[in-house]
Amino acid sequence: MGNCLHRAGSKLQISENLTISGLEEEWDLWNDTYNYTDADLDLAAPCRSCPLLDSSSLPFFALTSALGILGGGVLLFILLKPLLCQHLSPDRAILAQVAGGSTLFSIVLPILAPGLNPTPDIILCSVGHGLWYASVFAQALLLCVHICLGPKLHQRWLSKLSLTLWGVALLMALPVALASDVTTGVCTLSFGPDVWVWCVIHIVVCTAIFFILPLSLVGASVVQRIRGGRSGLWAKVLWVWFLFWWLHAVVMGSDILVRSDALVIKTCFVQQTLDFLLDSAKILGILHCLVTPLLLALFCHYVTWPPTVNPL
């Protein structure tokens, strides 16, 4: 990432700056000695990108957090109220946990907002990143269990299953908490040599949870349908949730390949595109806390009033 400065790759621009500084003669001597061309200077110029999530995006973080807390809180109240949504039991417990995870994400969101605190504490950043991803991992696991099992969920082992899923989510979020750092007053993921392993583990976990896991479930459903059996997957509307995180996994995987030199980027435009996609994927993931309550409400509506098919 970087600022929006133009690339300083023109000999004419450099010459003008040197003329202003009274160093034109030194420039001519330097250029005659090394014989650099405009193309050489253009290649040596730094490649800078325009970050989408800087201090100017603070209103976006604040508004998204407020709306996410409001939407998740209302849905939690509806799902946990004894007289409402009784027909969703035991599904109601899973859905309430998903709503709780989305609300937790919205609460933690301001901690990671750029520009809110000029000097954030690294411990606070670590806790924020850990809870941020733990809530998302828990939502993904809970949704996968709910989509696969659906009505087969039994109340007697639901509590143990929920504790196990949240425990696994916290463990999977531990690497990103250990790799958190503060750069120019912003909580970021550090790729330093001391925490490189934790970064790789975190990206592998994101790829597995946000990309491989839902893709495997879809593949299993397709194979089962081809064999003529009924697919165990249901609640199709909840699959939309994964669309807000698949890009995050793909782009982070590409970024780690670039940082490790396994994938070489030769043009500034490609690097700027990757930086743009990294920020876009983060924005898309942040917006999930607004969409999740709507998806859960739509699912509850579908279960309560299923569509009727008129006989021909």
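Let me begin with one term: a residue is called buried when its relative accessible area is under 20%. With that in hand, hello everyone, and please keep in mind that what you see above is a predicted model.

By that cut-off, 39% of the 312 residues in the chain count as buried. The accessible surface of the chain comes to about 17,400 Å², and carbon and sulfur atoms hold 68% of it.

Now the layout. You will find eleven helices and two strands in the chain. How much of the contact picture comes from residues 24 or more positions apart? Among contacts with a separation of 6 or more, such pairs account for 77%.

Let's go inside. The largest nonpolar core has 61 residues, and Trp132, Phe137, Phe210 and Trp241 are the ones with the most contacts within it. At least two residues each come from α4 (58-80), α5, α6, α7, β2, α8, α9 (246-259) and α11 (288-304). Which helix gives the most to this core? That is α6, with 14 residues. Another core, of five residues, lies apart from this one, and Leu247, Val251, Val258 and Ala281 are among its members.

Let me stay with Trp132 for a moment, which sits in helix α6. Is Trp132 buried or exposed? Its relative accessible area is 2%, so Trp132 is buried, given the cut-off of 20%. Leaving out residues up to four places away in sequence, Trp132 touches Phe105, Val108, Leu109, Leu112, Trp245, Lys282 and Ile286. If you look for Ser106, its C-alpha atom is 8.6 Å from that of Trp132, although the two are 26 residues apart along the chain.

My last stop is helix α7, residues 158-178. With 21 residues at 1.5 Å a residue, α7 should span 30 Å, and its end C-alpha atoms are 31 Å apart, so the two values agree. Where does α7 have a kink? Look at Met172, where there is a kink of about 25°, shortly before the proline Pro175.

Both Met172 and Pro175 are buried, and other buried residues of α7 include Leu158, Leu161, Leu165 and Val176. What do the buried residues of α7 pack against? Their partners are the helices α5 (91-108), α6 (122-149) and α8 (196-226), along with the strands β1 (180-183) and β2 (186-189).

Conventions:
Residues numbered from 1 in each chain as written. Predicted model: local features only at pLDDT ≥ 70, side-chain atom pairs only at ≥ 80, totals over all residues. Heavy atoms only, no water. Helix = DSSP H or I, 4+ residues; strand = E, 2+ residues; numbered from the N terminus. Expected span 1.5 Å × (residues − 1). Bend = angle between axes of the 7 residues up to and from the residue. Buried < 20%, exposed > 50% of the residue type's maximum accessible area, 1.4 Å probe, protein only. Contact = heavy atoms within 4.5 Å. Areas by Shrake-Rupley, 256 points an atom, 1.4 Å probe, with all protein chains shown as cover. Core = buried A, V, L, I, M, F, W, Y, C linked by side-chain atoms within 4.5 Å.
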